[in-house]
Amino acid sequence: MAFPPPSVDRQLRRIRNGLERNIPLVLAKAVIALNQAGVDPAEPFRTGLDFGTRYRQAGWGPGLTTLTCLFNLVPYLDSDERPLALYHGLSAVADDVANSPPRFFLRPLPGPIPDVPPLGRWFRQFIEVRDAEAAERCLISAVRAGATLSELATILFAAATDHRYLQVGHVLDFTNKAFEALEAAGPDLAEPVLASLVPAYTRAMRMEESASWRHPVDLVAILNQAFERLPAAMDRGKGRNWAGTGVSWLSWSFRPSPGPLPTAYGCPPVALAAAVAYPAALHTFTFANAAYQAVRRSPASDVVRGLFDAAMSVYLDRFLNIPAARLPEPTGPASNPGQLPAELETLLDQQQRVDEAGGLVGRYLYGGGDLRRLQAVLGRLLLREDRDFHTIQMVEAAYRLYGAGDPDLDGVPALVAAARYLAAHAATPREQTQTYRPALRLH
């Protein structure tokens, strides 16, 4: 039975109260009631997004990233699991904000608001010198000037790639999640959401200052040389026909000798981004996925630089001799596909069943198993564990990458990687759902 509108408003107020006081039981009861009422999950998501950006002085952090990832996973989940995903996301925001001073957002620049292009240039200059106040005022002015989300994405993603692999990739990833959040919640929240990213930009560690990117191979020098040629290479590539050539060969070509990426050959930036994200499926994945999503929003040469950072991080993973995972091979039809949920759940009740979990998922998909059923099962198993935001990011990024790249890229390894990562972090005490279960029984 649906709640009348006043009760829906009351549940949204309860979510706000639960966030302010960090009371998980209140959050759980509210999201369960809203789900029963058939309310769009975007409503509680918007409440959490607005609260998290306004009341955490440090700005966008793991809590808002967790909330956005779990909201993105909602369509893949069974109906009974959807309020649980929102509960976990909202609880992560409440934990992140607890005991933090609120943010006091700045006013735009005084006088007539300049055009968007100079504001973008000034924003990047102020990020360069780590002036958070001036950078935030430029960004707010750009929003007030009527900049579209695409224009704002170009400004922010370009600033995020002015330096190498900022904060081990978190800056680009947080920015990508912020734009995904705005796509769901609406552009009217652009000002508080995007302004909350600025502290991460100005505080971030720049990997050109790191020894691992300078010795024994100076990766930064290699990238700087490539960036000088990148705009001209992209212009030449526009006139070439890449259709039918495919990029799967690139996905496995990251040998311990970094070299140029084939943008000049006519490979579209989005296809190139997918090819770089693909071999990162077990390492560097969330940054590579963020770079892929950034290029989909803005294929400008400044933004494409992020793909080179991702490629160098994949190279470092290989160079440091991180063992490669053996991928399952295509087989015949899946045997007893209906047993997948029980088999996978049994495996994840035990620790370190990584290879078995990956093999099971690979055989299921190569054997023609139901993709949506698998995604729902993986989502349910993710939600029952005490997982950190990296595990959530990994699974959500794998869902996005599956089938999203070049047609000749086999998407199965992305979901195999997600299953392996989840298995590597199972089984946990599973304490995070203990508040939710009583709330569900009470409802």
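One term before we move: a contact means heavy atoms within 4.5 Å. Some ground rules too: this is a predicted model, where local features need pLDDT of at least 70 and side-chain atom pairs count only at pLDDT 80 or more, while totals for chains, interfaces and linings use all residues. Residues are numbered from 1 along each chain as its sequence is written, and side-chain values use heavy atoms, with hydrogens and water left out.

**Whole chain.** Select everything. You're looking at 22 helices and zero strands (DSSP runs numbered from the N terminus: H or I of at least four residues for helices, E of at least two for strands). Of the chain's 443 residues, 55% are buried, where buried means under 20% relative accessible area, exposed over 50%, and partly exposed in between, with a 1.4 Å probe and protein chains only. Take the contacts with a separation of 6 or more: 78% of them join residues 24 or more positions apart.

**Helix α4.** Now select 62–73, which is α4. Its twelve residues reach 16 Å from first C-alpha to last, close to the 16 Å expected at 1.5 Å a residue (the expected span is 1.5 Å times one less than the number of residues). Why is α4 largely enclosed by the rest of the structure? Because eleven of its twelve residues are buried. Among them are Leu64, Leu67, Phe71 and Asn72.

**A cavity.** Stay here and show Gly52, Arg56, Gly59, Gly63, Leu64, Val93, Asp96 and Val97: they line the second largest cavity. A cavity is a set of points on a 1 Å grid over the protein atoms alone where a 1.4 Å probe fits but cannot get out, and lining residues have an atom within 4 Å of a point. The structure holds two cavities of 30 Å³ or more, and this one has about 30 Å³ of space, volume being the space filled by probe spheres set on the points, which are joined across faces, edges and corners. Which helix gives the most to its lining? That's α5, with three residues. The lining divides into three nonpolar, three polar and two charged residues.

**Cysteines.** Last, pick Cys69 on α4, which is buried, at a relative accessible area of 1%. Cysteine 138 is buried as well, at 1%.

Notes. On a 1 Å grid over the protein atoms alone, a cavity is a set of points where a 1.4 Å probe fits but cannot get out, and a pocket is an open set with protein on both sides within 12 Å along at least five of seven lines; lining residues have an atom within 4 Å of a point. Ala, Val, Leu, Ile, Met, Phe, Trp, Tyr, Cys and Pro count as nonpolar, Asp, Glu, Lys and Arg as charged, and the others, Gly among them, as polar.
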